[in-house]
Each structure stands twice: as structure tokens, then as C-alpha cells.
Amino acid sequence: MRGLLLSLAVLAAAGCGAAWWLTRPQPIEAAAIRGMTGDAARGGDLFTVAGCASCHVAPDAEEGEGDPVLAGGQAFETQFGTFHAPNISSGPAGIGEWSDAELVSAMARGVAAGGAHLYPALPYTSYENADLQDLVDIAAHLRTLPGSDAASRPNELSFPYNIRRGLGAWKRIYAGRGWVLQDPADPGIARGRYLVEALAHCGQCHTPRTALGGMDRDRWLQGAENPDGDGRIPGIAPGQLDWSDGDIAAYLTTGLTPDYDSAGGNMVSVIENLSTLPDADIEAIVAYLRAIPAADGG
């Protein structure tokens with residue numbers, strides 16, 4: 001009996017050790033970005049398209065002239081609990097003491113400075129497809145923005161979602177999956193893919209979620225329930241959006257629909273960001289939306 005118990009204890013320890021190893025955070029190695037110099041001006045344009053300020057400015061921040069203060073504090077309600085956007089300003093309470101590798105790891109791997117898993121309220125399962133140089137440029141831009149000493153608010157999550165280590169298992173299912181649209185031959189569609197799937201992370205809102213909160217890539221851009229439970233985010237895959245190419249382009253730059261309605265909710269800030277893109281990029285997004293798989297019945 002003693003031998004049996006010892007064997008079971010050894011197996012349990014081995015299993016725990018394997019689980020601990022499999023769920024470990026895997027940050028970007030500093031060597032991966034060695035020699036890359038951040039271009040803060042270029043990073044500012046990328047920062048805008050990526051929509052960073054939309055989530056990380058304080059909820060009571062007033063719009064106006066000047067650079068955004070990324071003090072955090074906005075609350076995002078989901079079925080798993082409430083997430084609070086952290087302070088990512090350039091001050092010590094934000095990311096002021098983070099290295100470039102740590103910032104890139106946060107954006108592309110969901111790993112914070114210090115090695116903790118970050119929750120996918122940060123859309124790193126999209127940003128992971130971005131060019132590392134683009135992320136280094138965004139990091140350079142972040143360092144130019146004003147600092148804030150506001151403390152980041154803790155998330156309010158129920159068990160077991162409050163156990164960060166479990167995100168290591170989640171990432172093995174939903175992170176590192178590459179592109180949805182594989183190897184487009186057309187350069188315009190490839191550019192659109194980069195903007196939609198990576199930098200602008202459109203799938204994070206427009207794609208249905210699984211029970212564990214990952215994007216259901218088999219129904220890519222086919223619409224989803226609003227995470228806060230208020231209404232539904234429309235599908236934009238072929239067969240669901242019957243607008244002309246010109247209609248889509250106009251909406252992405254002005255927020256106006258073909259029937260003279262206008263964008264509302266979070267889409268307002270998305271369009272403000274996309275409207276900074278050159279016409280060629282807007283056309284690339286439209287071409288990409290035409291190239292993805294159609295919705296069921298579309």
C-alpha cells in the first residue's frame with residue numbers, strides 16, 4: 001500500500017509539474033527585437049489604427065487637443081466578470097519602467113513585465129500577427145505620451161477565471177493560430193488582412209466567441225453578441241453585408257451608412273481611427289472583406 005501511495009504521489013507531482021510547464025508564460029525574447037529602433041512618429045499612426053486610446057484613456061477623460069493620457073480605468077463587462085483597462089501611460093505607475101521586449105510581449109504574447117499572463121481583453125490574439133517592428137514603433141510612441149500616477153484597478157472576476165495561470169492553457173487553444181485567410185496572392189488583400197486580422201483587430205468584436213471566450217474562427221466576422229449583453233454586433237462577412245464597395249469604404253471613413261444612418265457605440269471611435277488611413281488601405285480592407293469565407297447561407 002505504501003508503494004502504491006508513493007507511486008500515486010510521484011504521478012501527481014509529475015502531472016502538476018507538466019501542467020505548470022505547459023501553462024508557463026512565453027514572452028518575446030529580447031533577441032527577437034535586437035537591433036530594432038522604434039520610430040515614435042510612425043508608431044503614433046499605428047497606435048491610432050490599433051485603437052489603444054479608445055480603451056486606455058480614463059472613462060471621465062475629456063476630448064480635446066493634446067496627447068491622450070492612458071491612465072486606464074474603463075470597465076468592460078463580460079460573462080466572466082468585469083475587466084478594467086490598466087494604466088499604460090509613460091509614468092512609473094504605467095509602462096514607464098518596461099523594456100521594449102516587455103511591451104512587445106504584452107502586445108503580442110499577453111505577458112506582462114514580471115511574467116504574469118494578461119487577460120485577452122487585451123487583443124493579443126490579433127496583435128500577435130503584427131510585425132514586430134510595428135509593435136516596437138508603438139512602444140516608442142507610448143513613451144512620448146503623458147504619464148499618469150493613477151493606480152490600475154483590479155479586475156473583478158469569479159473563480160476560476162481569476163486564476164491567471166489558467167490563461168496558459170487558454171492560450172494553447174486560442175493563441176498562436178496564425179492568419180484566418182491563408183496566403184492571399186493579391187497584395188491589396190494581403191494588406192487588408194494585416195489591418196483587419198492584426199492591427200485593427202476587427203475579429204475581436206465581429207466574430208462569435210466560444211464558451212471559453214476565444215474567437216470562433218470557423219465563423220469569422222459573422223457577428224457576435226455584445227460582451228456587455230447589450231445587443232448584437234453585426235456580421236460583416238460576405239452574405240451578411242449587402243453594401244457596395246463604395247458604401248463600405250464610405251462607412252469606414254465617415255460612419256455614414258447607405259440608408260443615411262450613422263455609426264454608434266464603440267464603432268464611432270473605430271471609424272475615427274480608420275479614417276486616418278490612406279484611401280489605398282481602406283480599399284484593401286474592402287477587398288479583404290470580399291475575400292473571406294461567406295457566412296452560412298451567404
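Predicted model: local features only at pLDDT ≥ 70, side-chain atom pairs only at ≥ 80, totals over all residues.
Residues are numbered from 1 along each chain as its sequence is written, and side-chain values use heavy atoms, with hydrogens and water left out.

A word on names: helices (H or I, at least four residues) and strands (E, at least two) are DSSP runs, numbered from the N terminus. Now back to Arg-191, which is partly exposed, with a relative accessible area of 35%. On this scale, buried means under 20% relative accessible area, exposed means over 50%, and partly exposed is in between (1.4 Å probe, protein chains only). Leaving aside residues up to four places away in sequence, Arg-191 touches Asp-281 and Ala-284; contact here means heavy atoms within 4.5 Å. Arg-191 also has Ala-287 at 9.3 Å, C-alpha to C-alpha, though the two are 96 residues apart in sequence.

Those touches belong to a meeting of two helices. Two packed helices are described by the angle between their axes and the distance between the axes. The axes are lines fitted to C-alpha atoms, for helices over the stretch in contact, and the angles run from 0 to 180 degrees between N-to-C directions. For α8 and α12, the angle is about 90° and the axes are 7 Å apart. The two are therefore roughly perpendicular to each other; the labels go by angle, with under 35 degrees roughly parallel, over 145 roughly antiparallel, 65 to 115 roughly perpendicular and the rest oblique. On the α8 side you'll find Gly-188, Ile-189 and Arg-191 among others, and they meet a set in α12 that includes Asp-281, Ala-284, Ile-285 and Tyr-288. Sorted by type, the residues of this α8 and α12 contact are eight nonpolar, two polar and four charged. For that sorting, Ala, Val, Leu, Ile, Met, Phe, Trp, Tyr, Cys and Pro count as nonpolar, Asp, Glu, Lys and Arg as charged, and the others, Gly among them, as polar.

Helix α12 (residues 279–291) has another partner, α10 (residues 245–254). These two pack at an angle of about 125°, with their axes 10 Å apart. That makes α10 oblique to α12. The contact is made by Asp-245, Ile-248, Ala-249, Leu-252 and Thr-253 of α10, together with Ile-282, Ile-285, Val-286, Leu-289 and Arg-290 of α12.

Time to look inside. The largest nonpolar core has 53 residues, and those with the most contacts inside it are Leu-142, Leu-221, Ile-285 and Tyr-288. Such a core is a set of buried Ala, Val, Leu, Ile, Met, Phe, Trp, Tyr and Cys residues joined through side-chain atoms within 4.5 Å. Several helices supply at least two residues each, including α2 (40–50), α4 (100–109), α6 (132–142), α10 and α12. The largest share, six residues, comes from α8.

Seven of its 10 residues are buried, so α4 is largely enclosed by the rest of the structure. The buried ones are Ala-101, Leu-103, Val-104, Ser-105, Ala-106, Met-107 and Ala-108, and they pack against α5 (124–127) and α6. After α4 comes Gly-110, with a positive phi near 65°.

Finally, the loops. Between β3 (156–157) and α7 (166–174) lies Pro-160, and the peptide bond from Phe-159 to Pro-160 is cis, with omega near 5°. His-201, in the loop between α8 and α9 (203–206), has a positive phi near 45° without being a glycine. His-201 is buried, at 18% relative accessible area. Tyr-260, in the loop between α10 and α11, also isn't a glycine and has a positive phi of about 70°. Tyr-260 is exposed, with a relative accessible area of 78%. In the loop between α10 and α11 you'll also find Asp-259, exposed at 57%.
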